[in-house]
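Student: Could we go through this together, term by term? I would like to know what lies behind each description.

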Amino acid sequence: MSALLDVQNLKTYYFARRGVVKAVDGVSFSIDQGETLGLVGESGCGKTMTCHSILKLLPKPGGRIVEGQVLFEGEDLVLKTERQMRRIRGAKISMILQDSMTSLNPAYTIENQVGEVFAIHQKLKGRALKEKVIEALKLVKIPAAETRLRAFPHQMSGGMRQRVAGAIALGAKPSLIIADEPTTALDVTIQAQYLNLLKEIQAETGVAMMFVTHDLGVVARMCDKVAVMYAGRIVEKAEMKDLFRHPRHPYTIGLLACLPKMDAELDKLVSIPGQPPDLGALPDGCHFAPRCPECMEICKQKYPEERLARDEHYVSCWLVEK
Ligand SMILES: Nc1ncnc2c1ncn2[C@@H]1O[C@H](COP(=O)(O)OP(=O)(O)OP(=O)(O)O)[C@@H](O)[C@H]1O
Ligand code: SF4
Ligand SMILES: [Mg+2]
């Protein structure tokens with residue numbers, strides 16, 4: 001069976017006045033139907049640009065896909081026109097953003113915003129439309145959904161707003177949801193509830209998910225497999241449990257060491273020393289070399305191409321034998 005989403009050697013660059021920012025630089029991964037992939041990495045490594053490339057929502061005029069394929073249900077989205085993409089966005093692939101306050105329109109009621117997707121993609125109106133909106137709000141467990149229809153986003157809590165954003169994303173029954181840090185604006189308890197809710201909905205609807213986060217704890221909870229991104233490239237990818245038990249790339253090992261343990265004292269938390277590189281001026285060789293405790297001579301000269309460490313477990317590091 002072919003994958004639902006198969007991204008191959010995707011390169012998305014941002015052409016700025018000061019030079020070319022290689023935000024996504026040869027990224028490949030796939031997601032099967034009903035599966036959840038976690039995309040993790042530090043701030044600025046290209047996670048959001050990867051998501052936006054899939055939906056072709058790149059910053060204009062500078063952002064451009066320069067190479068690669070985004071095969072969705074066997075068709076290359078890179079080749080689609082804007083008109084064709086409009087029929088895919090929201091209907092077959094939808095996105096949940098980090099901050100629901102920016103993804104919801106403050107000037108429209110919840111009914112208007114959740115209803116829009118049904119009005120456009122399913123041509124519903126009147127009573128049928130209203131019922132569909134209530135059904136969508138119930139799916140994301142909004143209490144007393146009928147009474148919320150006329151509310152505006154600012155009248156709801158952050159957690160509720162994020163549920164509304166979820167209702168909009170799920171409305172047209174997409175086969176893939178891209179969730180870009182959907183819980184970072186929420187407090188810990190609400191975050192846990194929201195993650196559980198997404199899991200439940202996934203079990204009910206069979207929707208596949210691409211889950212972007214810098215939190216490996218969230219990955220452990222949500223994902224079947226993981227891709228670790230560093231400076232525009234995927235440096236390690238594997239089944240979730242395999243990655244947690246047998247991380248191979250020094251960057252992944254560093255990220256895992258940053259995970260707070262239940263019994264850890266706060267002042268003992270570690271972080272990876274050094275700064276991520278400037279994507280407009282990448283070093284030759286392995287991008288992680290300046291921060292890597294295992295760095296060897298070859299690492300500074302040549303980028304290590306991807307190699308298979310074990311079953312379905314790929315690593316870009318000279319330490320791993322080819
Ligand atoms: N509109 C833009 N103009 C110029 N550069 C941009 C723009 N958007 C993104 N970039 C550059 O592309 C790179 C990747 O950004 P991206 O937003 O994908 O990172 P990210 O991994 O999502 O980070 P975060 O975890 O902070 O959300 C960054 O280094 C950033 O400098
Ligand atoms: S290739 Fe070398 S520098 Fe890069 S992560 Fe591996 S050991 Fe470290
Ligand atoms: Mg981002």
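Student: Which residue of β10 stands opposite Tyr 230?

Tutor: Arg 233 stands opposite Tyr 230. A word on the basis: this is a predicted model, in which local features need pLDDT of at least 70 and side-chain atom pairs count only at pLDDT 80 or more, while totals for chains, interfaces and linings use all residues. Residues are numbered from 1 along each chain as its sequence is written, and chains are lettered from A and ligands numbered from 1 in the order in which they are written.

Student: What makes β9 and β10 a pair, and how do they run?

Tutor: Strands pair if DSSP finds at least two bridges between them. Strand β9 (residues 225-230) and strand β10 (residues 233-239) are joined by 6 bridges, so by that definition they are a pair; they run antiparallel. The names are DSSP runs numbered from the N terminus: H or I of at least four residues for helices, E of at least two for strands.

Student: Which helix packs on the sheet there?

Tutor: Helix α7 (residues 158-171) does, touching β6 and β7 (176-180). Its direction makes about 175° with that of β6.

Student: What is the strand order of the 8-strand sheet?

Tutor: The order is β6-β7-β8-β3-β9-β10-β12-β11, in an open sheet with mixed pairing.

Student: Why do β6 and β11 count as edges?

Tutor: Both β6 (93-96) and β11 (307-310) have a single partner strand, so each has one side without a neighbour in the sheet. On average, neighbouring strands here are turned by 20° against each other, direction ignored.

Student: And what is the order in the sheet of 4 strands?

Tutor: That open sheet runs β2-β1-β4-β5, with antiparallel pairing. Its edge strands are β2 and β5 (75-76), which pair on one side only. On this sheet packs α1, touching β1, β2 and β4, with its direction at about 70° to that of β2.

Student: How do you know that β1 pairs with β2 and with β4?

Tutor: Count the bridges: 9 join β1 to β2, and 8 join β1 to β4 (residues 63-72). Both counts meet the rule, so both are pairs. On the β2 side, Leu 10 has Val 27 as its bridge partner; on the β4 side, Tyr 13 is partnered by Arg 64 and Thr 12 by Ile 65. A hairpin of 2 residues links β1 to β2.

Student: Why is α4 called roughly perpendicular to α5?

Tutor: Angles run from 0 to 180 degrees between N-to-C directions, with axes fitted to C-alpha atoms, for helices over the stretch in contact. Under 35 degrees counts as roughly parallel, over 145 as roughly antiparallel, 65 to 115 as roughly perpendicular and the rest as oblique. Helix α4 (residues 110-121) and helix α5 (residues 126-139) pack at about 110°, with axes 9 Å apart. That is why α4 is roughly perpendicular to α5.

Student: Which residues make that contact?

Tutor: Contact requires C-beta atoms, placed from the backbone, within 7 Å. Among the contact residues are Val 114 and Phe 118 of α4 and Leu 129 and Val 133 of α5. By class, the contact has 7 nonpolar, 1 polar and 2 charged residues. (Ala, Val, Leu, Ile, Met, Phe, Trp, Tyr, Cys and Pro count as nonpolar, Asp, Glu, Lys and Arg as charged, the others, Gly among them, as polar.)

Student: What is the angle between α7 and α8?

Tutor: They pack at about 20°, with axes 10 Å apart; α8 covers residues 188-205. So α7 is roughly parallel to α8. Contact residues include Gln 162 and Leu 170 of α7 and Tyr 194 of α8; the classes are 4 nonpolar, 3 polar and no charged.

Student: Which residues are closest to ligand 1?

Tutor: A residue is near a molecule if its C-beta atom, placed from the backbone, lies within 6 Å of it. Ligand 1 is surrounded by 16 residues, the closest being Ala 23, Ser 43, Lys 47, Thr 48 and Met 49. The largest share, 3 residues, comes from α1, and the shell has 8 nonpolar, 7 polar and 1 charged.

Student: How many residues surround ligand 2?

Tutor: There are 14, with Cys 286, Ala 289, Cys 292, Cys 299 and Cys 317 closest. That shell divides into 12 nonpolar, 1 polar and 1 charged.

Key
Two residues are in contact if their C-beta atoms, placed from the backbone, lie within 7 Å.
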